[in-house]
Structure formats: C-alpha cells, structure tokens
Amino acid sequence: MTEQVSLLIVDDEPSVRDSLMHWFLQEGYRVETAAEAMEALGRMRDSSFDIILLDIKMPGMDGIELQRRLKEIDSQLAIVIMTAYASVDTAIQALKQGAYDYITKPVDPDDLSRLIRNAAVQRRLMRENLTLKEEIRSLVSTNQIVGESHQMLEVLKTIQTVAQSDVTVMIQGASGTGKELVARAIHFNSRRKYFPLITLNCGAMTDTLVESELFGHERGAFTGAQYRRKGKLELAHKGALFLDEIGNIGPKTQMDLLRVIETKRFTRVGGNEVVQADFRIISATNKNLEDAVKEGTFREDLYYRLNVFNIQLPSLKERTSDIPLLVNHFVAKFATAMNKPFTGVDAGAMELLKQKSWPGNVRELQNAMERAVVLGKPPLITAPDLAGLVEQSPLSEADEVLPLAQIEKRHIQLALDKSGGNVSLAAQLLQVDRATVYNKIKKYGLLY
Amino acid sequence: MILLIAIDFRGDIDYLRDQIGTRFHSKVDVSINGLDPKPFLNPDRNQFNSTSIIQRLEKDAPSTASKVLAVTSLDLYIPILTFVFGEARLNGQCAVVSSYRLDNRSYGLPDNPSLLQERLLKESIHELGHTFGLIHCQNPDCVMKSSTYVEEIDFKSSRFCLACMDSCATALSRLK
C-alpha cells in the first residue's frame, strides 16, 4: 500500500463501530469512529478521510442529512451507506444523492472488503484526476505567447474571447509567427481542454494520405492496411482538430472536409459504417486563401466554413518592440535547458537583433538564440555569437553573395524538411523530377 | 508463554499447540473449556460475537500469558459481517479463531480432517500475527494475506513472508 487509506465509521451502535474499526485496522487502513453526526462533522474538521462508512439510522441528524453535509465539506468523499434490510429505499435515496454504494447489514466479509478496496481506488483516481487537471491548467496558458506590443495584446485578447466559444477558427500568419502556439492556447483555454488536440499537417501530404489520416481506414482498405485505424477526426472526438497548412489540401479533400464539417459524420476509407464525432476545427495557413479562392484553387464554401473567426498573426517585423522581450525569453529558456548561466544579451547584440528583418519570424529568432546559447560564453551573449548565426538562416535576407552550391544545398534541404522527408513531394515543390532530388541528396549528403 | 483456550472445540488441540510453539519459538499452554460461550450467543443469528469474546478474554487473561488465542468450533460473527473466521486485537494480547467455517461440511462438501487442520493452523497463526502488530500482507503466499472466503485460505501458505517474519521476530524479541 503506497498511501494509507483513511476511513471514518459513523454508527451509533458501539459494537458495530468497535468491531469494524478492528477489522479495518488489520487491513492497514487508518480508522476513526464517530457515534453520531455532530461528532463525525467534528472529525472532518480535524482530519481528512477517503471513505466514510455511514449508518443511515442514527438519533439526531440522520445519515442522509449527514451525507449532504459531508459532501459539502469534501465533494470527492466516497460514502458507503450501511443499512438494515428494512431501509433499502432510504439507501437508494442516498445513492441518488451521490453515495458511492450501500451495504445491507450483515454483509459478507468478501463483499465489504472488495467494496472498500474499490472505493479507495476510485478516490485515488479522482484525486489523481484533479491533480492532473491542475497541472494541465498550469502548464498550458497564454503565458507561453510572449509579446507586449499592441498587436500581440490584441491577439491574446482575441484568444481569450474565442476560446470560450466553440466557433471554428482560422489562424493566418507568415511562417514562424506561432500559429500552432495560438491554436494550442485556444484549445487549452476552451471547455474542450481535457480532451485531445489532434494536429494534422496537411502541407506535407498527398490528397490520398490526408484522406486516410483524417477519416481513418478499415482493414484491407488498401495495400498495407492490415488493421482498422482511427482517423484524426475520430481521435479528436470531444476535443479539437488542428489543421496546419490547410491551404495545401487538394480539391477532393476540400470537398470531403466540407461535408464532414457540415455533418460531423463520415465513413472510414474502405468502410460503410458511419462514424459520428464531436470536434472543433482550428486551421492555420501562411497563404492568402482569399487569393486562392479567387484563383479557384480553394473552395469558397470551405473557406467560409473554416474562416468563421479569423486571427491574423503579425510578423516579427510588425512588432519589433517585442524583440527584446522575446530574446530574453529564449535566452532564459535555452540557458535553463542547457544549464548555462546566461543572464541575457549585451547592448551590441540586442541592437543587431533589433535591426535584422527576421523573414522567418519568431521561429528564426528562436533558432538564432538557441545557437547563440550553444556557442556563447556566459553570462552575456555578444554580437559575435550572433552575427554569423543570423545570416546562416536559410530564410534570412542575404547581405552578401554566397556560393550557388551553398544556396542550392540549403534550398533542397528546406524542401525536404517541408515535405517531411517525402522526396516526391520535395521534387514537386522544387518543380524538378525525383531523380534530380536524389542526385542532389547524394551530392550534398542531405538528411531526409 | 502463549495460552490456547479451547472453547467448545472438537479438533486436535495438541497439533495446534505443537505447531504454534514451533512457529513462534514460544512455550504454549492449553486450557480446555476455559470460557463459557453462552453469554456471547446471538440467538437471532445463532452465532457467537467474537468482539465480545475478545473483550472477555482481555479481562480474564493471566498476566503470565504474552498472547491468548481462543480456539472454537462455534460460528463467530461481528455485528456488521455475516461471519468471521477469527478476530484479533492488533498489537494486543488476545485473539479468537473458529474452525466452523473452515470445515468442508459447512459448504456441503465431504469431510476432510487434514485440510481442516491445515486451515485452522493458518488462521491461528494469522490471528496471532495480528496480536504481534502485523497487518494484512499483499504477498499471496504469506499467511498474513487477508482471506475473506475459505478457498483463499488454501491459496496461501502457513508461513510468514520475509518482511512479516522480520516484523514478528522484532515483536517477539521485545516480549522476551
């Protein structure tokens, strides 16, 4: 027994209290007794209990009333009602008011032993559940979004508002502005927070793969489908589905997605059974979907379905006043992670960081700070720790002419990263054939 | 010294005395019919109140006995439970054990005297273990494992596990 279970026995009959107390003491429980309701309430003031064994018929305040009072003190208490055969109806009334179970006297020792064991397990699980919920609450908050600029304060306000409703949200912003972080903040501040947030990156997948990922598949639906697999929509039941890079999905998936958003019903690939799921959709894109709608590459009806509430994330260039705050946040974060006693950056380094244009936005700044913490010497990060690193970013503006091979190598690696290591997709993005991509991978020793 | 008091007991008390003496490394005395059970009978249930028996034993126990175990063939109960195999005072002086529900014939099965003797020995050691401060043990083989139905007694051995043996030895050494 890892944690001692505590019991309070409330019965006006001394022989019942005494014999039960000795019986449970031998089980290793902590046991206290009370002869009547007021004494029981007094014990609750002095100590806490996991399980209360409560006689229903007592002089003065009866068991039902005492149960109500005890539940006011601790709503998670497991209360077991003890009753004679004649008062089973009252015991049922107690159950309706939240008692864990009832026993009729006399009870079989095995039944009582099992009942108390199960009540103790339930009590432990309820406490664990509450603790975990508290941890989730403290772990996930909008505090992770760093920014004091008026644009970001507006975004934070919007997150708080939209999180309370169940509305479909579209987050738009350039790459690296923190779209996923915003999606997480919305979900974990919503009433769905104790259910999963399932993410699907549509950018790195073909239409058929997105279909199978979204809807799941039945066994034998296609070669290699050896088992039934639940799709992301099913997994997101009661929670939310975050569709990243929604602008990249093909026409067929657009149509399927539109239908499922409207009906919340779908069938798995290769199946006939209609599955119903309750989910909220949060989508994100770095594309201008209005243009895509005009061009006819994105369905207008789907666009309006997804874009019920729109959050525009500013680029880092639009909120340069947040750079010092972000820099200090990342230095503290990486210094802790790498156990290096950095206190911040010096004035020269900060000036350099503020002057950069950061086309890769916060992600690029984060990467630069991570590298600086790796290479720098505590206590302060200096300009030499940064200058080269910032320029090494594939998305940074080139202030100098670099060798063509170096640019090509970085660009192909970027395409491979974007496609999640899928060479065919990387080839499509680069508008070259697969053989070319393979040759370049070999030539530059690229990772995919 | 451990005192065994037989109360309406129809089994082999000598076997129990010898075994308990060996297991607890103690001298064991026997008192036959040392207690009148009638005052403890509940006529409505036709059972004997084990808690009351223990209270009486505690009152009358000789100071020379470190532990007192009453052994009976009568059916025992505590008010809330339908029956008990035995009862003991945790860290106390007295315990009581019954062979009534250990007997196959109570369940409509053929008589099996050796099985009954083995079960009674296990429950006697178990209840005495409580008087030495041992609580129920999770080790399925340990004699201190809780048994709420008779088949459970057959699953465990009549021996203490190492941890319980250690605790019991410490308690015994304190008595000597």
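Which residues are buried in α15(A)? Select helix α15 of chain A, residues 361–375. A:Asn361, A:Val362, A:Glu364, A:Leu365, A:Ala368, A:Met369, A:Ala372 and A:Val373 are buried there. Here, a residue is buried if 20 or more other C-beta atoms lie within 10 Å of its own, exposed if 12 or fewer, and partly exposed in between, with C-beta atoms placed from the backbone. Helices (H or I, at least four residues) and strands (E, at least two) are DSSP runs, numbered from the N terminus.

This is a predicted model, in which local features need pLDDT of at least 70 and side-chain atom pairs count only at pLDDT 80 or more, while totals for chains, interfaces and linings use all residues. Residues are numbered from 1 along each chain as its sequence is written, and chains are lettered from A and ligands numbered from 1 in the order in which they are written.

**Helix α15 and its surroundings**

Keep α15(A) selected. The helix has 15 residues and reaches 21 Å from its first C-alpha to its last, close to the 21 Å expected at 1.5 Å a residue; the expected span is 1.5 Å times one less than the number of residues.

Next select A:Phe334, in helix α13 (residues 323–338) of chain A. Not counting residues up to four places away in sequence, A:Phe334 touches A:Met369, A:Glu370 and A:Val373; two residues are in contact if their C-beta atoms, placed from the backbone, lie within 7 Å. A:Phe334 counts as partly exposed because it has 18 C-beta neighbours inside 10 Å. The C-alpha atoms of A:Phe334 and A:Gln366, 32 residues apart along the chain, are separated by 9.4 Å.

Move on to A:Asn339, in the loop between α13 and β15 (344–345) of chain A. Although A:Asn339 is not a glycine, it has a positive phi of about 55 degrees. With 6 C-beta neighbours inside 10 Å, this residue counts as exposed.

Then select A:Pro379, in the loop between α15 and β16 (380–381) of chain A. The peptide bond from A:Pro378 to A:Pro379 is cis, with omega near 15 degrees. Another cis peptide bond joins A:Lys105 and A:Pro106, where omega is about -10 degrees. A:Pro106 is in the loop between β5 (101–104) and α5 of chain A.

**The nonpolar cores of chain A**

Select A:Leu7, A:Ile51, A:Ile52, A:Leu53, A:Leu54, A:Val80 and A:Ile81, which touch the most other members of the largest nonpolar core, a set of 83 residues. A nonpolar core is a set of buried Ala, Val, Leu, Ile, Met, Phe, Trp, Tyr and Cys residues joined through C-beta atoms within 7 Å. Centre the view on A:Leu54: leaving aside neighbours within four places in sequence, A:Leu54 is in contact with A:Val10, A:Gly63, A:Leu66, A:Gln67, A:Ile79, A:Val80, A:Ile81 and A:Met82. Apart from this core lies another, of 50 residues, among them A:Leu200, A:Leu257, A:Leu425 and A:Ala426.

**A pair of helices**

Select helices α2 (residues 37–46) and α3 (residues 63–73) of chain A, which pack at an angle of about 10 degrees with their axes 11 Å apart. Axes are lines fitted to C-alpha atoms, for helices over the stretch in contact, and angles run from 0 to 180 degrees between N-to-C directions. The angle makes α2(A) roughly parallel to α3(A), a description for angles under 35 degrees, with over 145 counting as roughly antiparallel, 65 to 115 as roughly perpendicular and the rest as oblique. Display A:Ala37, A:Ala40, A:Leu41 and A:Met44 in α2(A), which meet A:Leu66, A:Arg69, A:Leu70 and A:Ile73 in α3(A).

**A buried arginine**

Select A:Arg192, in the loop between α7 (179–188) and β7 (197–201) of chain A. A:Arg192 counts as buried, with 20 C-beta neighbours inside 10 Å. A:Arg192 touches A:His187, A:Lys238, A:Gly239, A:Ala240 and A:Arg280, not counting residues up to four places away in sequence. A:Arg192 and A:Arg280 are 88 residues apart in sequence and 8.6 Å apart in space, C-alpha to C-alpha.

**Across to chain B**

Colour the view by chain. The contact takes 21 residues from chain A and 16 residues from chain B. On the side of chain A that touches chain B, α1 (14–25) and α5 (109–139) are the elements that give two or more residues, and α1(A) gives the most, with eight residues.

Chain B has five helices and eight strands. Of its 176 residues, 43% count as buried. Finish at B:Asn46, in the loop between β3 (41–42) and β4 (47–49) of chain B. Phi of B:Asn46 is near 55 degrees, a positive value in a residue other than glycine, and with 10 C-beta neighbours inside 10 Å B:Asn46 counts as exposed.
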